[in-house]
Amino acid sequence: DRLGIMTSSAMQGAILVIMVFAVHMIGRAMGGGGRFEDAIVLVAWLQFLLVCLQVWRLGERHYRSTGS
């Protein structure tokens with residue numbers, strides 16, 4: 001179902017872009033001096049950590065199901 005995958009990917013991409021803008025604007029509103037590029041790096045780092053957590057959880061689930 002390629003259309004579903006494409007739609008899901010586009011939605012996730014849009015949410016990430018909105019998240020970057022939100023982090024930047026909220027930081028500015030609270031008196032921060034970060035650049036827009038810093039907000040991109042922050043969101044990318046958070047996404048990386050979430051992927052690592054998901055991989056760890058999948059590995060743990062696989063380990064428990066196989067008993068290895």
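**Salt bridges**

Author: The structure holds three salt bridges. A salt bridge is a side-chain nitrogen of Lys or Arg within 4 Å of a carboxyl oxygen of Asp or Glu. This is a predicted model, in which local features need pLDDT of at least 70 and side-chain atom pairs count only at pLDDT 80 or more, while totals for chains, interfaces and linings use all residues. Residues are numbered from 1 along each chain as its sequence is written, and side-chain values use heavy atoms, with hydrogens and water left out.

Reader: With which residue does R35 form a salt bridge?

Author: The partner of R35 is D38, and their closest N and O atoms are 3.3 Å apart. Accessibility is read by class: buried means under 20% relative accessible area, exposed over 50%, and partly exposed in between (1.4 Å probe, protein chains only). D38 counts as partly exposed because its relative accessibility is 36%.

Reader: Which residues are linked in a network of salt bridges?

Author: The network links R57, E60 and R64. E60 pairs with R57 at 2.6 Å, N to O, and with R64 at 3.9 Å, N to O.

Reader: Where do E60 and R57 lie?

Author: Helices (H or I, at least four residues) are DSSP runs, numbered from the N terminus. Both E60 and R57 lie in helix α2 (residues 36–66), three residues apart, about one turn of the helix. R64 and E60 are four residues apart in helix α2, so about one helical turn separates them.

Reader: Is R64 buried or exposed?

Author: R64 is exposed, because its relative accessible area is 65%. E60, at 21% relative accessibility, counts as partly exposed, and R57 is partly exposed at 40%.

Notes: Helices (H or I, at least four residues) and strands (E, at least two) are DSSP runs, numbered from the N terminus.
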